[in-house]
Amino acid sequence: MIEKILIANRGEIAVRIIRTCKEMGIATVAVYSTADRAALHASLADESVCIGGPLSKDSYLNMNAIIQAACNTGCDAIHPGFGFLSENSAFARLVEECGLIFIGPSAKLIDLLGNKSQARKIMKDNGIPVIPGSKETVTSVEHGKQIAAEIGYPVMIKASNGGGGRGMRLIHDEAEFVEQYNNAKAEAKACFGDDDVYLEKYIENPKHIEVQLIGDKHGHVIHLFERDCSFQRRHQKMIEEAPCHILKEEMRQKLFNDALKACQIVGYYSVGTIEFLVDKNDNYYFMEMNTRIQVEHPITEMISGVDIVRLQIQVAMGNKLNIKQEDIKQNGYALECRINAEDMNKDFAPCPGQIAFMHIPGGRGVRIDSAIYNGYKVTPYYDSMILKLITFAPTRLECIKKMRVALSELIIDGIETNAKFHYYVMYSREFIEGRYDTGYCDRFIKELKDNGSIV
């Protein structure tokens, strides 16, 4: 049994994990940087430990400080949340070597699936469609140019150990290759400590569909349906929904079957998400697997009735999954809007500062995941997401209408947020009809600028 968990993260995901731990009777330890002394997660946990300065490298990426905090407070396990060290195999291995439980897959599995080029090879070798591209890491400019010539421009260069749009560059033709290749490698090195990159054929304006999975250490794996994460700006998700409104049932089942097959091939356990791209001709391709909990997991919880964090902790204890695939029923629709501290009139630039007043919406079918409060100071050191607004309803249109109402009630004074932008989206015809793709957000922003809604 796990009796005490250190949460190696901050913000709303740390708060989210603490709440489930309390329900399970598990004690919690929060870690915080000097910039987060007044953070909500540090107050809600049973204990809290300062682990360093405001920069991530000095605190939330400081493996030794985190491990020492866990050992000094008598923790049994560490939950990494998402981002930071959540997909860092060296950290997972260090946790295991110190006799602690890493609440996630093994370091070996993170290595296997965290390297995107290696994961692509595994899927391709087992008959799961992958985007045409390099079989392994691109070793040089000349090597990359050769592959690009074979698969045809445009191509995407991506960090092998990356995610979240970092270390990713679109290359339209050979003239751009050297500059974008070097930029991608430099960003990959800065963000992930590894400059390995791989190459893919660029799929223009696809649907981005992901399947939520969870497996145990006894060979059982189930899916919790799919999410549509196509509403993105600069490769960063902004709005997610579950299920995908326009996905044909035949393709849905194929995605589920391939996602489950992928997990069984590698013996995956813990929470994980397989991401697919679906092109305009209804061809789908494996893109990557995330070996951690996702930002957008609440919408899956809403339609499945499953507490994903609870299952993740139970699996880490070595327990068998207590639910079977046939036990899980999809119910209704859910939407999530990521509310960021950003100024949409300044190209969505981050907007740190102190919250003078806030009012959050409520009511049936409305969920708020956040760590902000009246008087809270949003710092410039971390991701700009400050709140996740989730709505749930029996039908998709009802869910959208509920989101409109919730957004109209949301008040966060003292800083700028992108809440108004989300409100505009909820009245967009293409979004309402579910016809949007990964390129739609940029087109919609241009519409808003053209009609004067955004300066």
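Student: What classes of residue make up the lining of the largest cavity?
Tutor: The lining has 5 nonpolar, 7 polar and 1 charged residues. Nonpolar here is Ala, Val, Leu, Ile, Met, Phe, Trp, Tyr, Cys and Pro; charged is Asp, Glu, Lys and Arg; the others, Gly among them, are polar. This is a predicted model: local features need pLDDT of at least 70, side-chain atom pairs count only at pLDDT 80 or more, and totals for chains, interfaces and linings use all residues. Residues are numbered from 1 along each chain as its sequence is written, and side-chain values use heavy atoms, with hydrogens and water left out.

Student: What volume does that largest cavity have?
Tutor: About 40 Å³. Its lining has 13 residues, and P80, I103, T291, R292 and Q312 are the closest to the centre.

Student: How is a cavity told from a pocket?
Tutor: Both come from a 1 Å grid over the protein atoms alone. A cavity is a set of points where a 1.4 Å probe fits but cannot get out. A pocket is an open set with protein on both sides within 12 Å along at least five of seven lines. Lining residues have an atom within 4 Å of a point. Points are joined across faces, edges and corners, and the volume is the space filled by probe spheres set on them.

Student: And how many cavities of 30 Å³ or more turn up?
Tutor: 2, searching the whole structure. The second largest cavity holds about 30 Å³ of space. R10, G11, D36, A39, L40, H41, A371 and Y376 line it. By class that lining is 4 nonpolar, 2 polar and 2 charged.

Student: OK, open spaces. Which residues lie nearest the centre of the second largest pocket?
Tutor: K207, I246, V278, D279 and D282, out of 16 lining residues. The space in that pocket is about 260 Å³. The lining divides into 8 nonpolar, 1 polar and 7 charged residues.

Student: K207 is in which strand, and how covered is that strand?
Tutor: K207 belongs to β9, which spans residues 207-215 and has 9 of its 9 residues buried. Buried means under 20% relative accessible area (1.4 Å probe, protein chains only). Strands are DSSP runs of E, at least two residues; helices are runs of H or I, at least four; both are numbered from the N terminus.

Student: Which β9 residues point which way?
Tutor: K207, I209, V211, L213 and G215 face one way. H208, E210, Q212 and I214 face the other.

Student: What does β9 pair with?
Tutor: β9 runs antiparallel to β12 (residues 270-278), joined by 9 bridges. V211 has I274 as its bridge partner there. β9 also pairs with β10, antiparallel, over 6 bridges. Two strands count as paired if DSSP finds at least two bridges between them. The β9-β10 hairpin has 5 residues between its strands, and G219 takes a positive phi near 90°.

Student: Now helices. Is α10 enclosed or open, and why?
Tutor: Largely enclosed, because 7 of its 8 residues (297-304) are buried. Those are H297, P298, I299, T300, E301, I303 and S304. G305 follows the helix, with a positive phi near 75°.

Student: And where is A107?
Tutor: In α5, residues 107-114. A107 is buried at 2% relative accessible area. A107 and R93 are 14 residues apart in sequence, yet 5.3 Å apart C-alpha to C-alpha. Beyond four places in sequence, A107 touches S89, A92, R93 and E96.

How values were computed: Buried < 20%, exposed > 50% of the residue type's maximum accessible area, 1.4 Å probe, protein only. Contact = heavy atoms within 4.5 Å.
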